[in-house]
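Let's take a tour of a protein together, looking at what surrounds its ligand and at the spaces left between its atoms. Keep the picture at hand as you read.

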Amino acid sequence: MAQIYLPTDHVADRSRLPSFEQYQDMHKMSLDEPEAFWSEIINEFHWQTHPTRGNFMSYNFDINKGNIFVKFMEGAMTNVCFNVLDKNVRNGHGDKIAFYWEGNHPEDYSRITYAKLMELVCQFSNGLRDRNIGKGDRVAIYMPMILETVVCMLACARIGAIHSVVFAGFSSDSLAERMSDCKAKVLVTADGAWRGTKLLNLKDTCDDAMEKAKTKYNHTVGMCIVVPHLERVTACGKLPHDLRDLYKWNDDIDVWWHDMVEGQSTICPPEWMAAEDPLFMLYTSGSTGKPKGVLHTTAGYMLYAAATFRYVFDHRDKDIYWCTADVGWITGHTYVVYAPLANAATSVMFEGTPFFPDNDRYWSCVEKYKVTQFYTAPTAIRALMKFGEHNVKRHNMTSLRVLASVGEPINSEAWLWYYKLVGSNRCSIADTFWQTETGGHVITSIPAATPMKPGAAGYPFFGVDPIILDNDGKEIKGEGEGFLTFARPWPGIMRTLFGDHDRYQEVYFRRFPGYYCTGDGARRDEDGMIWITGRIDDMLNVSGHLMSTSEVEGVLTEDLRVAEAAVVAKPHPLKGESLYCFVTLGEGATFNDELVDSLKKRVRHRIGAFAAPDAIQYAPGLPKTRSGKIMRRILRRIALGENDMGDISTLTDPSVIAQLLKYRAT
Ligand code: 6R9
């Protein structure tokens, strides 16, 4: 049985939620009387048209009863940007630091107050409006971790445009596909950025992507706005003499960021948005086909982001909060941008990597900014564990109070290292389980209120009612393991997939009518804590990045030598999972190092460096069922180095197993 860790006095002292009983009472109220529960936080925000009572939430989760829908606070009108900026400035936080920006190079840093951020956002909003971008238009963002990225997202929110951020580690193909799918009118980027000593040629990738959007998807992106970032930061590697040699410039579509904002007024009236109007979309991998454009709306997302941040990080006025996630992922959207700002918090925004210029960069920043809450991913923790304790111990990190984790299950060894070494045995750890689709944390511990166990995600957040179902869709009450689902919505859950409501219904609501299915397995233990046991669909989670097997397989089979490909996840000590690929070859093709190399490069190039496979093995044939389905269960065992394949009664041709064992990659 896993050991229980209780919150220490260091955390409990002055906490806003100090006991488990209080958590339980509030959780019960959040389910029994949702409107009353949320009213306190609703009242803190500005509503241009006030919500009407009795209209708090309506939904249908049962696909057999008609269309799936979720609506919160229908009839209310507000603007998220106004609430996270103007409201704070009006409440006297104008001079408060919104972000400390720490660049890739330690000598590059700056800070911005709420008042200044509001001015920049208004100017950029006016710039967008001048160029005919307005409510409902899609704005693609392919940017590094710089303040303009936040400015751009908030400007979209201010004028009602839907931002669609694409992580700046994605390839031009991936960017082209995403921009075309959402029909982006404009793309915002930077000339480039440093990650460690590596130069990211962002504008160049954008040029490729716009070209591919045109030729492959017949979609024209009308304008590309570029932040000249490289000229203002310290070079961390080789650069051409003239930065303009890094990319092409096309006066018809390219615009400098400063030309957009120059001369613009620092006042910009917000677009008042209905509660259910879209705020942003963000692509996430699907187990089949193209990426899914998860759509979040206005009022519910804002409330939920604000509430989770406040309780899960136990946020207080003077805190310095730091989430290391990139804004290209949902964690960056909710917990770098919207949630901290909704709480008038001061955050650190970090452009670089944990390893540059040294492996103690995180800890030196914790010391530098006196960080109180630190939020990162297990893959980073595991990578940092290798470098030994002295990297942590030589920094004063007594400011820390809450440590948090996200992206994948955290193994108990990493949890204990985080707890003991980083947190000096006195900070709480919040292992936050959630998804792009859930908008904010759904299962987590709450610092001073709930006990913790290394590796357990913990308890449901307010408004969240997790239900574990068995294979037949029967609820497992009490202890047990099964599919993690939810029978009712909370304010922050996604509303649809952009332009494809049918797919939304099929993917999330078909398997168990009446329930939103997360695609994760979960176990409830004897203390009512929930453990996430991993994906149940064909998804891969490499260093916290979700990918579908079919996405990678599609890229491998683009090489004409490959006839068929199957990809499985293999546990990896640092990355959580790594990709192990099986390929069968076409007539006349030979399996050699050159092929393996070029396949690895192809995946990197087409999807992104984070997707690069660790192993590619030759397969004379793939194990299939009689209906032609690849039996990944068998492939996973081969990848693991096991010899016993378990039940193979449904396998069409059992002889493939001996062959697969023979060619196993090392
Ligand atoms: C926020 C985010 C979602 C998937 C999710 C699950 C895995 C995330 C986790 C976790 C165990 C945690 N996941 N947090 N598994 N414990 N604390 O990561 O969103 O990129 O959409 O990924 O990540 O498998 O379903 P997203």
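Here, a residue counts as near a molecule if one of its heavy atoms lies within 4 Å of it. Keep in mind, too, that this is a predicted model.

**Around the ligand**

How many residues surround the ligand? There are 17, and the closest are Asp 431, Thr 432, Thr 436, Asp 520 and Arg 535. Sorted by class, this shell has seven nonpolar, six polar and four charged residues.

| Residue | Protein atom | Ligand atom | Distance |
|---|---|---|---|
| Gly 407 | polar backbone atom | nitrogen | 3.1 Å |
| Glu 408 | polar backbone atom | nitrogen | 3.4 Å |
| Gln 435 | polar side-chain atom | oxygen | 3.0 Å |

How much of the ligand does the protein cover? On its own the ligand has 530 Å² of accessible area, and the protein covers 95% of that. Two elements give two or more residues to the shell around the ligand: helix H12 (330-342) and strand E27 (530-535).

**The annotated domains**

Next, let's see what a record says about the chain. In an unreviewed entry, UniProt lists residues 23-84 as "domain: Acetyl-coenzyme A synthetase N-terminal". Over that stretch the chain is 42% helix and 16% strand, with the end C-alpha atoms 27 Å apart.

UniProt, again in an unreviewed entry, lists residues 91-495 as "domain: AMP-dependent synthetase/ligase". Over residues 91-495 the chain is 30% helix and 22% strand, and 32 Å separates the end C-alpha atoms.

**An open pocket**

Now for the empty spaces. Rolling a probe the size of a water molecule over the atoms shows where empty space is left.

The second largest pocket has a volume of about 520 Å³. Which residues lie nearest its centre? They are Ser 287, Val 507, Asp 537, Asp 538 and Met 539, out of 25 residues that line this pocket. Several elements each supply at least two residues of the lining: helix H17 (501-509), strand E26 (516-524), helix H18 (549-556) and helix H20 (632-640). By class, the lining of the second largest pocket has seven nonpolar, nine polar and nine charged residues.

**The cavities**

The structure also holds three cavities of 30 Å³ or more. About 60 Å³ of space lies in the largest cavity. Its lining includes Ser 30, Leu 31, Pro 34 and Trp 38, and also Arg 488, Pro 489, Trp 490 and Pro 491. Helix H2 (20-32) and helix H3 (34-44) are the elements that give two or more residues to this lining. By class, the lining of the largest cavity divides into nine nonpolar residues, two polar and one charged.

The second largest cavity has a volume of about 50 Å³. Among the residues lining this cavity are Asn 79, Val 80, Cys 156, Ala 157, Pro 278 and Leu 279. At least two residues of the lining come from each of helix H7 (147-159) and strand E14 (278-284). How many charged residues are in this lining? The lining of the second largest cavity has no charged residues, but seven nonpolar and three polar ones.

Key. Residues are numbered from 1 along each chain as its sequence is written. This is a predicted model: local features need pLDDT of at least 70, side-chain atom pairs count only at pLDDT 80 or more; totals for chains, interfaces and linings use all residues. Side-chain values use heavy atoms; hydrogens and water are left out. A polar contact is a pair of N or O atoms within 3.5 Å; within protein, one must be able to donate a hydrogen and the other to accept it, and residues adjacent in sequence count only if both atoms are side-chain atoms. Accessible areas come from the Shrake-Rupley method with a 1.4 Å probe; for residues, only the protein chains shown count as cover. Helices (H or I, at least four residues) and strands (E, at least two) are DSSP runs, numbered from the N terminus. Ala, Val, Leu, Ile, Met, Phe, Trp, Tyr, Cys and Pro count as nonpolar, Asp, Glu, Lys and Arg as charged, and the others, Gly among them, as polar. UniProt positions are given in the numbering used here, feature names are shortened, and annotations may be inferred rather than shown by experiment. On a 1 Å grid over the protein atoms alone, a cavity is a set of points where a 1.4 Å probe fits but cannot get out, and a pocket is an open set with protein on both sides within 12 Å along at least five of seven lines; lining residues have an atom within 4 Å of a point. Grid points are joined across faces, edges and corners, and a volume is the space filled by probe spheres set on the points.
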